[in-house]
Amino acid sequence: MSLLDTRVPAVVLRIDRNPFHHGTLGAVRSLGRAGVDVHVVADCTGSPVARSRFVRRLHAPPSPDASTDEVRAVLRGVAAQVGRPAVLVPMDDATAIATARLREELTGSYLLPVMPSALPERVADKAELAAVCASVGVPHPRTEVPDTPSRAAEDAVRLGLPVVAKWSRPWLLPAGSGLRSTQVLHTAREARELHARTAEAGSPLLLQAYLPPGTDRDWFFHGYADRTGAVRAGGPGRKHLSWPRGAGLTAVGRWTPNSEVIALAERITGELGYRGILDLDFRRCGTTGRYHLLDFNPRPGAQFRLFTDSAGLDVVRALHADLTGRPLPDGDPVTGRAFVVENYAPLAALRPAPGGRELAWWAGDDRAPGFAMWALWARHVSGRLRQRLGAGAEVPAQRPAPTAHTPSLTTDNEKASS
């Protein structure tokens with residue numbers, strides 16, 4: 001029996017308009033290499049994802065500020081074009097939350113994990129997560145949710161400057177606002193001024209005690225909670241380099257054994273009854289040595305392909321296999337394996353990797369996205385430099401020239417806009 005049921009297609013869904021979202025390409029390659037027809041519902045204009053030979057078809061996504069009703073309408077339209085039930089793979093928080101709400105309505109067209117419909121939203125909400133951690137006994141940084149700008153200034157001082165500021169529901173941040181989902185504040189005045197923009201942000205501002213970064217302190221865990229609640233596939237990883245440095249996504253990570261991180265991940269998913277793919281971020285306190293849960297993302301992390309075990313199983317393949325009734329093989333962890341996002345860490349991509357390595361963009365069996373990424377990245381960097389030098393606005397990324405294997409967008413909305 002093959003690992004995946006190739007009769008069942010997959011629909012990879014993303015609302016976020018990030019052309020450099022390498023996790024989407026990872027999902028496409030993981031499923032496509034296993035023989036699954038992969039449909040992508042995302043804005044791939046100019047994105048290297050559109051160049052992958054493993055994309056069966058591209059579909060226009062909902063708008064970034066789409067309502068649940070709009071997401072439903074788009075998914076029903078895609079289902080009509082796919083023509084048979086498909087495994088749905090949300091790739092960002094907004095789509096994970098929306099599809100969990102819509103699971104019963106989408107039954108018959110899509111396969112999704114069964115769990116409380118409000119749970120993905122509860123764990124993705126940064127303010128709610130603090131209460132969740134307290135209820136299940138998982139360490140979490142001290143958190144305050146001030147209700148006024150003056151209270152924000154007071155809380156910042158009480159927590160001890162610097163403090164970490166987060167918007168509770170970062171997926172609601174409007175594009176072009178300049179607001180960042182997470183930032184470090186160094187003064188009470190900064191906390192007061194940031195809180196004054198709450199209405200613009202669309203969700204409450206929370207302040208957290210700052211846990212300084214350092215060697216061996218930033219960890220992540222990717223896993224898949226199957227229909228029984230057992231956490232399968234995935235594993236713990238250590239972040240060696242982030243982008244931006246100290247507070248961003250994983251640019252270089254390594255599969256590293258850590259029984260404490262595994263135990264915390266299994267505790268929180270078990271207590272909550274969570275099902276499906278999860279991506280957790282931890283930071284170890286340099287004083288106490290305890291691992292604090294910083295984020296619970298109810299979808300695949302961008303570097304999920306790091307955790308491909310000896311049986312070829314990763315969390316996206318585990319989702320497809322479990323939802324289609326396939327048994328999940330018991331592969332061995334490939335500890336020491338590295339994951340590198342080469343546009344953020346080019347030197348790391350060139351160094352020897354005795355434990356094995358997965359690159360975010362380059363692959364010998366799917367080369368076009370790697371070439372397209374470097375062309376797009378060069379335009380992005382040159383645009384940023386011109387902007388900083390006052391030479392004008394950033395040059396928008398252009399759509400790569402089509403090739404023989406490049407799928408075209410086929411929905412009526414996309415045809416009308418071209």
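How do strands β11 and β12 pair, and over how many bridges? Strand β11 (residues 231-243) and β12 run antiparallel, joined by six bridges. Two strands count as paired if DSSP finds at least two bridges between them. Strands here are DSSP runs of E with at least two residues, helices are runs of H or I with at least four, and both are numbered from the N terminus.

The model is predicted: local features need pLDDT of at least 70, side-chain atom pairs count only at pLDDT 80 or more, and totals for chains, interfaces and linings use all residues. Residues are numbered from 1 along each chain as its sequence is written, and side-chain values use heavy atoms, with hydrogens and water left out.

Buried means under 20% relative accessible area, exposed means over 50%, and partly exposed lies in between (1.4 Å probe, protein chains only).

Now turn to strand β1. In a regular strand the side chains alternate between the two faces of the sheet. In β1 (residues 10-13), both faces are covered. Ala10 and Val12 are buried on one side, and Val11 and Leu13 are buried on the other. β1 runs parallel to strand β4 (residues 86-90), with four bridges between them. Ala10 stands opposite Val87 in that pair. β1 also pairs in the parallel sense with strand β2 (residues 38-41), over four bridges. Here the bridge partner of Ala10 is Val38. From β1 the chain passes through helix α1 (residues 22-33) to β2, a β-α-β crossover that is right-handed. Right-handed means that, with the strands pointing away from the viewer, the path from the first strand over the helix to the second runs clockwise.

Another sheet is open and has four strands, in the order β6-β9-β7-β8, with antiparallel pairing. β6 (143-144) and β8 (182-185) are the edge strands, each with a single partner, so one side of each has no neighbour in the sheet. Strand β7 (residues 163-167) is joined to β8 by four bridges, and the two run antiparallel. In this pair, Ala165 stands opposite Gln183 of β8.

Next, the cysteines. A disulfide is a covalent bond between the sulfur atoms of two cysteines. With the cut-off set at a pair of cysteine sulfur atoms within 2.5 Å, a search of the whole structure finds zero disulfides. Cys133 is in no disulfide, and the nearest cysteine sulfur, that of Cys285, is 15 Å away. Cys133 is buried, at 1% relative accessibility. Cys44 is also buried, with a relative accessible area of 5%.

A cavity is a set of points, on a 1 Å grid over the protein atoms alone, where a 1.4 Å probe fits but cannot get out; a pocket is an open set with protein on both sides within 12 Å along at least five of seven lines; lining residues have an atom within 4 Å of a point. Grid points are joined across faces, edges and corners, and a volume is the space filled by probe spheres set on the points.

The structure holds three cavities of 30 Å³ or more. β4, α3 (93-101) and β13 (276-284) each supply at least two lining residues. The lining divides into 14 nonpolar, three polar and three charged residues. Ala, Val, Leu, Ile, Met, Phe, Trp, Tyr, Cys and Pro count as nonpolar, Asp, Glu, Lys and Arg as charged, and the others, Gly among them, as polar.

The second largest cavity holds about 60 Å³. Its lining includes Arg29, Phe339 and Glu358. α1 gives the largest share of this lining, three residues.

Finally, the second largest pocket has a volume of about 320 Å³. Of its 22 lining residues, the closest to the centre are Ala233, Gly234, Gly235, Trp255 and Pro333. β11 and α10 (259-272) are the elements that give two or more residues to this lining. β11 gives the most, with six.
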